[in-house]
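Biologist: I would like to learn how to read a ligand site. Where do we start?

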Amino acid sequence: MQTHRWLRTPDGTAPRISYGADYNPEQWPREVWDEDVRLMKEAGVDVVSVAIFSWARLQPAPDEWDFAWLDEVIDLMHANGIGVDLATATASPPPWLTMRHPEVLPVTAEGSTLSQGARQHWRPTSPVFREYALTLVEKLAERYGSHPGVVAWHVNNELGCHNAYDFSDDAARAFRAWLLARYETVDALNHAWGTAFWSQRYGSFDEVLPPRLAASFPNPTQQLDFARFSSDALRGHLIAEREILNRVTPDIPVTTNFMITGDTKFADYADWAREIDFVSNDHYVTQDRDELAFSAALTSGVARHRPWFLMEHSTSAVNWQPVNRPKRSGELFRDSLTHVAHGADAVCFFQWRQAEAGAEKYHSSMVPHGGVDTRVFRDVVELGRILQSLGDVVGADRDPADVAILFDWESWWGSELDSHPTELLRYRAEAQAWWNALLDAGVRADVVPADAELAGYRVVIAPVLYSVPAALRKRLEAYATSGGHLVTTYFSGTVDENDHVWLGGYPGAFRDLLGIRVEEFRPLYAGETVALSNGTTGSLWSEPIDIVADDVEVLATYDHDELGPAVTRRPVGSGSAAYVSTRLGSAGVGALLPALLEPAGVASELPEALRGEIEVTSRRGAAGRIRFLINRTDAPVELTGIEGEWLHGGETLPPRGVAVVKG
Ligand code: GAL
């Protein structure tokens, strides 16, 4: 990552958690802007993201530019003390561009060209798109770089949200160049891709294509490399815009909004985070509150625990799920404060004023269709007040936990490829099951990328760490032998960086460390379960484990005549290495946790009565330790046994409420 650089702030202003939204004034008549400013001030808004989808307005024709309206918006915001996170406006190319240059439109694996008419219809590798986009970025940087109201740059928007995988001829050319840089020779590519199989040998890089729709399973390493390439291609666009911004406006920090949420897996954000000054994230809650906390913790991990910017979430309903329900009372506060609890120093929404037209008119906003006399607007004003009262939090890092969950995009991509022992495996669900179990136990955990420094963690959990290059294997071995407690699971240590199996028996890369050997995977059918001797139940996967070292302890066995040990642990050096060979789910993991955590000296941070009901997080900065106690339930909870200075909330936490305690 570049050095952490936060929003520019006007001199002399007290530190505060920034608050605001995407603001799209070009969708409204001028007189509405004055009301917007008045209401923003009422709500305590101090930052807005502007011009995200404004390309067609800024450049109505190839040689025509119209900045007057944006000049006025930025001046208006600045005059009223509201900073502008200025977008580079490249997210949605205007119709004139795609009509004139249809060759910028993305192509699907099936060969269909995506049309204009929605947004993000551009190829990440199109040289034509890149040229038009960078011209726009340069114009904006030159025009607004010295405007004191611009507090940050917002590159594009959710890069890749609709165009992550492009199979066009541009993509094919760029993919070949990427492969040449990675492998240097076609022999090396043939080896890595295992092309002796199914007569796939390439005579030159020119014969290689993206994994377009094929007659059967496309080559897995080709698919993996295409996933890596696609993430890199979008990152390349980010870098191209950022370089212009850094050159023209070196004093303005640059960010782009990530999508660390749910099943969105196209971007290796741990890698992208190195390219920006501060991490921003967009998150929308589905029906799983703990997924929000997991995503926020992962965002913090990607941000290396420095403060990050919640660029978008929703005040209430979204418009893109099959059924879109409003948030319940208290959820707007709880969702926002959970992000703050995990390190967000800015809380923003999509969007300021609910649209009256267009595809997102049923998406909630800060100012709803119903106007200001609404529950949502009253909550918005109240949230602004709460955030302003939490100045002590600003700048504080997320307090390191004793336990880390490793989250690895390579393993995510690799473990969910086709033609595997099961197609039911979901990488993120396994990681989240461990997260939820730790939450239930009142044990704080970090969620960190695979290259994170591990030495400070007492326990490192590596769920489904499928792809393990030799260097990672060595790091994890060294971690355990020098006193760390490593826990890994089924389908871990299976392949190297080329998706080649570590031979000699599973889990290849960790076999020696764990002192076990598995000859065959035994996945379970949908709905099938297998009981374990410790009273828990496995699903998805099982394995007949042979113990091959004398000092392996069996923590649970399968109650099944074809299966033996299910969970093992081995002392190694001054630490240990444990293995869980089935999917236990959060309840099963919870039952196992004491056996895994107690020897490592990890204890719950919550009094027993609060475990399961409360999520506890901690940030640490100039004001010392600040804890967030979040009510995960729909009933009031008494926070008995929690001591400190109450910055927000009190001992009786309402349903879905949050308390903030210093000390
Ligand atoms: C995001 C996007 C916003 C808006 C929002 C709606 O993906 O960046 O522009 O579409 O979703 O939830």
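Modeller: Start with the polar contact: a pair of N or O atoms within 3.5 Å. Here, an N or O atom in the side chain of histidine 363 is 2.7 Å from an oxygen atom of the ligand. Asparagine 157 places a polar side-chain atom 2.8 Å from a ligand oxygen. For tryptophan 320, that distance to a ligand oxygen is 2.8 Å.

Biologist: How much of the ligand's area does the protein bury?

Modeller: Accessible areas come from the Shrake-Rupley method with a 1.4 Å probe. Alone, the ligand exposes 310 Å², and the protein buries 95% of that.

Biologist: What should I know about the model itself?

Modeller: It is predicted; local features need pLDDT of at least 70, side-chain atom pairs count only at pLDDT 80 or more, and totals for chains, interfaces and linings use all residues. Numbering runs from 1 along each chain as its sequence is written, and side-chain values use heavy atoms, without hydrogens or water.

Biologist: Which residues are around the ligand?

Modeller: A residue is near a molecule if one of its heavy atoms lies within 4 Å of it. Phe53, Arg119, Glu158, Asp282 and Tyr284 are among them.

Biologist: Which domains are assigned?

Modeller: Bounds come from an automatic or database assignment. It gives domain 1 (403-600) and domain 2 (612-662). Their C-alpha centres lie 32 Å apart.

Methods:
A polar contact is a pair of N or O atoms within 3.5 Å; within protein, one must be able to donate a hydrogen and the other to accept it, and residues adjacent in sequence count only if both atoms are side-chain atoms.
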